[in-house]
Amino acid sequence: MSDVLIKLEKVKKIFYTEEVETHALSNITFTINKGEYISISGPSGCGKSTLLSLLGLLDTSTEGKYTLAGHEVSNISKKERARIRNEEIGFIFQSFNLISDLDVEENVELPLTYRSNLDKNQRKEMVKKALEKVDMAHRGKHFPSQLSGGQQQRVAVARAIAGNPSILLADEPTGNLDTKNAEAVMDLLDKLHAEGATICMVTHDPRSASRAERRIDVLDGLVVADKKMNIAEKVVAMETSNEAKAVEAEGALS
(Lines give C-alpha, C1' and ligand atoms only; values in the text may rest on other atoms or scores of the structure.)
Protein backbone atom coordinates (compact mmCIF):
# COMPACT_ATOMS: atom_id res chain seq x y z
CA MET A 1 0.00 0.00 0.00
CA SER A 2 1.27 3.46 -0.92
CA ASP A 3 2.06 5.93 1.86
CA VAL A 4 1.19 8.86 -0.43
CA LEU A 5 -1.92 10.63 0.82
CA ILE A 6 -1.86 13.74 -1.39
CA LYS A 7 -0.27 14.24 -4.79
CA LEU A 8 -0.26 17.51 -6.73
CA GLU A 9 0.97 17.48 -10.32
CA LYS A 10 1.63 20.74 -12.23
CA VAL A 11 -1.20 22.53 -10.44
CA LYS A 12 -1.98 26.09 -11.51
CA LYS A 13 -4.48 28.59 -10.14
CA ILE A 14 -5.37 31.66 -12.16
CA PHE A 15 -7.85 34.30 -11.04
CA TYR A 16 -9.57 36.23 -13.80
CA THR A 17 -11.20 39.64 -13.81
CA GLU A 18 -12.38 41.63 -16.82
CA GLU A 19 -8.94 43.14 -17.37
CA VAL A 20 -6.48 41.23 -15.20
CA GLU A 21 -5.24 37.63 -15.15
CA THR A 22 -3.52 36.80 -11.85
CA HIS A 23 -1.39 33.66 -11.61
CA ALA A 24 -1.69 32.75 -7.93
CA LEU A 25 -0.04 29.31 -8.28
CA SER A 26 2.21 27.98 -11.04
CA ASN A 27 3.20 24.36 -11.70
CA ILE A 28 2.91 23.18 -8.10
CA THR A 29 4.11 19.58 -7.78
CA PHE A 30 4.67 17.71 -4.52
CA THR A 31 3.36 14.83 -2.41
CA ILE A 32 2.31 14.49 1.22
CA ASN A 33 2.71 11.10 2.85
CA LYS A 34 0.50 9.67 5.56
CA GLY A 35 1.74 10.74 8.98
CA GLU A 36 3.84 13.67 7.73
CA TYR A 37 3.89 17.07 9.41
CA ILE A 38 4.45 19.79 6.81
CA SER A 39 4.61 23.55 7.02
CA ILE A 40 3.98 25.85 4.07
CA SER A 41 5.72 29.21 4.48
CA GLY A 42 6.16 32.40 2.55
CA PRO A 43 5.39 36.14 2.59
CA SER A 44 1.88 37.55 2.42
CA GLY A 45 0.36 37.19 -1.03
CA CYS A 46 2.75 34.43 -2.13
CA GLY A 47 -0.02 31.88 -2.72
CA LYS A 48 0.24 29.71 0.39
CA SER A 49 -3.38 30.22 1.53
CA THR A 50 -4.59 29.63 -2.03
CA LEU A 51 -2.64 26.39 -2.00
CA LEU A 52 -4.23 25.33 1.28
CA SER A 53 -7.69 26.11 -0.15
CA LEU A 54 -6.98 23.78 -3.08
CA LEU A 55 -5.72 21.04 -0.76
CA GLY A 56 -8.88 21.42 1.33
CA LEU A 57 -11.17 21.33 -1.73
CA LEU A 58 -12.48 24.79 -0.86
CA ASP A 59 -11.45 25.81 -4.37
CA THR A 60 -10.42 24.08 -7.60
CA SER A 61 -7.30 24.45 -9.70
CA THR A 62 -7.27 25.99 -13.16
CA GLU A 63 -4.92 23.30 -14.45
CA GLY A 64 -3.16 20.24 -13.09
CA LYS A 65 -4.02 17.07 -11.21
CA TYR A 66 -4.87 16.57 -7.53
CA THR A 67 -5.03 13.05 -6.10
CA LEU A 68 -6.27 12.47 -2.53
CA ALA A 69 -6.09 9.01 -0.95
CA GLY A 70 -5.72 7.42 -4.37
CA HIS A 71 -8.66 9.24 -5.98
CA GLU A 72 -8.35 12.12 -8.42
CA VAL A 73 -10.38 15.04 -7.09
CA SER A 74 -9.40 17.75 -9.56
CA ASN A 75 -12.75 17.99 -11.34
CA ILE A 76 -15.33 16.41 -9.05
CA SER A 77 -18.73 17.98 -8.36
CA LYS A 78 -19.38 20.51 -5.58
CA LYS A 79 -21.48 17.92 -3.76
CA GLU A 80 -18.68 15.35 -3.84
CA ARG A 81 -16.11 17.95 -2.74
CA ALA A 82 -18.31 18.81 0.24
CA ARG A 83 -18.61 15.14 1.19
CA ILE A 84 -14.85 14.57 1.01
CA ARG A 85 -14.14 17.74 3.00
CA ASN A 86 -16.47 16.55 5.72
CA GLU A 87 -15.11 13.01 5.89
CA GLU A 88 -11.43 13.31 5.01
CA ILE A 89 -10.24 16.82 5.94
CA GLY A 90 -10.08 18.63 9.26
CA PHE A 91 -9.71 22.42 9.15
CA ILE A 92 -8.10 24.66 11.78
CA PHE A 93 -8.50 28.38 11.07
CA GLN A 94 -6.71 31.45 12.40
CA SER A 95 -10.01 33.04 13.47
CA PHE A 96 -11.32 29.85 15.19
CA ASN A 97 -14.68 30.07 13.32
CA LEU A 98 -16.72 28.87 16.28
CA ILE A 99 -20.46 29.58 16.28
CA SER A 100 -21.23 31.96 19.13
CA ASP A 101 -24.69 30.65 20.04
CA LEU A 102 -23.57 27.00 20.19
CA ASP A 103 -21.75 25.62 23.21
CA VAL A 104 -18.40 23.84 22.96
CA GLU A 105 -19.88 20.36 22.52
CA GLU A 106 -22.34 21.58 19.89
CA ASN A 107 -19.57 23.35 17.95
CA VAL A 108 -17.46 20.19 17.87
CA GLU A 109 -20.44 18.03 16.94
CA LEU A 110 -21.74 20.24 14.12
CA PRO A 111 -19.64 18.81 11.21
CA LEU A 112 -20.56 15.29 12.34
CA THR A 113 -24.28 16.00 11.95
CA TYR A 114 -23.77 15.97 8.17
CA ARG A 115 -22.71 12.32 8.25
CA SER A 116 -25.75 10.13 7.68
CA ASN A 117 -23.93 7.03 8.96
CA LEU A 118 -23.60 8.40 12.52
CA ASP A 119 -26.34 8.38 15.12
CA LYS A 120 -26.57 10.81 18.04
CA ASN A 121 -24.82 8.52 20.53
CA GLN A 122 -21.93 7.91 18.15
CA ARG A 123 -21.53 11.64 17.57
CA LYS A 124 -21.57 12.37 21.31
CA GLU A 125 -18.85 9.77 21.92
CA MET A 126 -16.67 11.21 19.15
CA VAL A 127 -17.11 14.71 20.58
CA LYS A 128 -16.17 13.50 24.06
CA LYS A 129 -12.97 11.83 22.82
CA ALA A 130 -11.96 14.87 20.79
CA LEU A 131 -12.44 17.27 23.69
CA GLU A 132 -10.51 14.98 26.00
CA LYS A 133 -7.59 15.00 23.54
CA VAL A 134 -7.36 18.79 23.72
CA ASP A 135 -8.06 18.99 27.48
CA MET A 136 -11.35 20.85 27.03
CA ALA A 137 -13.90 18.24 28.14
CA HIS A 138 -14.55 20.23 31.32
CA ARG A 139 -15.66 23.21 29.21
CA GLY A 140 -18.21 21.32 27.12
CA LYS A 141 -21.21 23.43 28.13
CA HIS A 142 -19.43 26.78 27.88
CA PHE A 143 -19.96 29.15 24.96
CA PRO A 144 -17.10 30.62 22.88
CA SER A 145 -17.49 34.03 24.56
CA GLN A 146 -16.69 32.38 27.90
CA LEU A 147 -13.34 31.04 26.65
CA SER A 148 -9.92 32.58 26.13
CA GLY A 149 -8.42 32.70 22.65
CA GLY A 150 -6.23 29.69 23.38
CA GLN A 151 -9.20 27.71 24.66
CA GLN A 152 -11.25 28.61 21.59
CA GLN A 153 -8.47 27.36 19.34
CA ARG A 154 -8.33 24.11 21.32
CA VAL A 155 -12.06 23.68 20.69
CA ALA A 156 -11.45 24.39 17.00
CA VAL A 157 -8.78 21.67 16.97
CA ALA A 158 -11.24 19.28 18.65
CA ARG A 159 -13.80 20.05 15.95
CA ALA A 160 -11.18 19.33 13.29
CA ILE A 161 -10.14 15.96 14.71
CA ALA A 162 -13.52 14.68 15.91
CA GLY A 163 -14.34 13.00 12.60
CA ASN A 164 -10.96 11.22 12.36
CA PRO A 165 -9.91 12.98 9.12
CA SER A 166 -7.12 11.77 6.86
CA ILE A 167 -5.36 15.13 7.12
CA LEU A 168 -5.47 18.27 9.26
CA LEU A 169 -5.10 21.56 7.38
CA ALA A 170 -4.14 24.46 9.63
CA ASP A 171 -4.20 28.03 8.30
CA GLU A 172 -2.10 30.30 10.56
CA PRO A 173 -3.38 28.44 13.67
CA THR A 174 -1.48 30.73 16.08
CA GLY A 175 -2.06 34.00 14.23
CA ASN A 176 -4.59 35.36 16.75
CA LEU A 177 -2.84 34.12 19.88
CA ASP A 178 -0.24 35.52 22.26
CA THR A 179 3.09 33.73 22.62
CA LYS A 180 2.03 31.52 25.54
CA ASN A 181 -1.19 30.30 23.91
CA ALA A 182 0.52 29.94 20.54
CA GLU A 183 3.09 27.62 22.08
CA ALA A 184 0.33 25.60 23.75
CA VAL A 185 -1.46 25.12 20.43
CA MET A 186 1.77 24.14 18.69
CA ASP A 187 2.48 21.65 21.50
CA LEU A 188 -0.99 20.21 20.86
CA LEU A 189 -0.27 19.81 17.14
CA ASP A 190 3.01 18.10 18.02
CA LYS A 191 1.08 15.69 20.24
CA LEU A 192 -1.48 14.93 17.52
CA HIS A 193 1.31 14.30 15.03
CA ALA A 194 3.05 11.95 17.47
CA GLU A 195 -0.23 10.04 17.69
CA GLY A 196 -0.26 9.58 13.91
CA ALA A 197 -2.04 12.64 12.49
CA THR A 198 -1.06 13.98 9.08
CA ILE A 199 -0.74 17.78 9.33
CA CYS A 200 -0.22 20.49 6.72
CA MET A 201 0.10 23.97 8.23
CA VAL A 202 0.35 27.38 6.58
CA THR A 203 2.31 29.83 8.71
CA HIS A 204 4.43 32.96 8.33
CA ASP A 205 6.03 32.31 11.74
CA PRO A 206 9.43 30.58 11.41
CA ARG A 207 9.13 29.24 14.98
CA SER A 208 5.89 27.46 14.14
CA ALA A 209 7.19 26.32 10.74
CA SER A 210 10.20 24.67 12.35
CA ARG A 211 7.92 22.43 14.43
CA ALA A 212 7.14 20.50 11.26
CA GLU A 213 9.24 17.65 9.87
CA ARG A 214 9.28 19.22 6.43
CA ARG A 215 9.04 22.78 5.18
CA ILE A 216 7.75 23.96 1.80
CA ASP A 217 8.56 27.58 0.90
CA VAL A 218 6.32 29.38 -1.59
CA LEU A 219 7.18 32.63 -3.38
CA ASP A 220 5.18 34.30 -6.15
CA GLY A 221 3.06 31.18 -6.62
CA LEU A 222 6.02 28.84 -6.97
CA VAL A 223 7.52 26.22 -4.66
CA VAL A 224 11.05 27.53 -4.20
CA ALA A 225 12.17 25.07 -1.50
CA ASP A 226 11.01 21.73 -0.13
CA LYS A 227 13.21 20.26 2.57
CA LYS A 228 13.29 18.13 5.67
CA MET A 229 13.84 20.10 8.87
CA ASN A 230 17.00 19.11 10.73
CA ILE A 231 17.60 19.08 14.48
CA ALA A 232 19.79 22.20 14.40
CA GLU A 233 17.00 24.24 12.80
CA LYS A 234 14.54 23.03 15.41
CA VAL A 235 16.93 23.95 18.24
CA VAL A 236 17.39 27.48 16.86
CA ALA A 237 13.62 27.91 16.59
CA MET A 238 13.12 26.68 20.14
CA GLU A 239 15.73 29.11 21.45
CA THR A 240 14.03 31.94 19.55
CA SER A 241 10.71 30.87 21.05
CA ASN A 242 12.17 30.90 24.56
CA GLU A 243 13.60 34.38 24.00
CA ALA A 244 10.18 35.59 22.86
CA LYS A 245 8.61 34.13 26.00
CA ALA A 246 11.15 35.92 28.17
CA VAL A 247 10.51 39.25 26.44
CA GLU A 248 6.75 38.83 26.86
CA ALA A 249 7.14 37.95 30.55
CA GLU A 250 9.38 40.97 31.11
CA GLY A 251 6.81 43.19 29.42
CA ALA A 252 4.03 41.81 31.61
CA LEU A 253 6.01 42.64 34.76
CA SER A 254 6.96 46.15 33.72
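Q: What makes the 35 residues of the largest nonpolar core a core in this model?
A: The model is a predicted one. A nonpolar core is a set of buried nonpolar residues joined through side-chain atoms within 4.5 Å, and the largest such set here has 35 residues. Val-108, Leu-189 and Leu-192 have the most contacts inside it. Helices H3, H4, H5 and H6, along with strands S7 and S8, each give two or more residues to this core.

Q: Which residues is Val-108 in contact with, leaving aside its neighbours within four places in sequence?
A: Contact means heavy atoms within 4.5 Å. By that test, Val-108 touches Val-127, Ala-130, Leu-131, Val-155, Ala-158, Arg-159 and Ala-162.

Q: What other core lies apart from the largest one?
A: There is another core, of 28 residues, and Val-11, Phe-30, Leu-51 and Phe-91 are among them.

Q: Why is helix H1 called largely enclosed by the rest of the structure?
A: Buried means under 20% relative accessible area. Six of the eight residues of H1 (residues 48–55) are buried, so the helix is largely enclosed. Those six are Lys-48, Thr-50, Leu-51, Leu-52, Leu-54 and Leu-55. After H1 comes Leu-57, with a positive phi near 60°.

Q: Why is Leu-222 called partly exposed?
A: Its relative accessible area is 40%. Leu-222 sits in strand S10 (residues 222–228).

Q: What makes up the nonpolar surface patch of about 250 Å²?
A: Leu-219, Leu-222 and Val-224 make this patch.

Methods. Residues numbered from 1 in each chain as written. Predicted model: local features only at pLDDT ≥ 70, side-chain atom pairs only at ≥ 80, totals over all residues. Heavy atoms only, no water. Patch = residues over 30% accessible without salt bridge, like charges linked within 9 Å, V, L, I, M, F, W, Y side chains within 5 Å. Areas by Shrake-Rupley, 256 points an atom, 1.4 Å probe, with all protein chains shown as cover. Salt bridge = Lys/Arg side-chain N within 4 Å of Asp/Glu carboxyl O. Helix = DSSP H or I, 4+ residues; strand = E, 2+ residues; numbered from the N terminus. Buried < 20%, exposed > 50% of the residue type's maximum accessible area, 1.4 Å probe, protein only.
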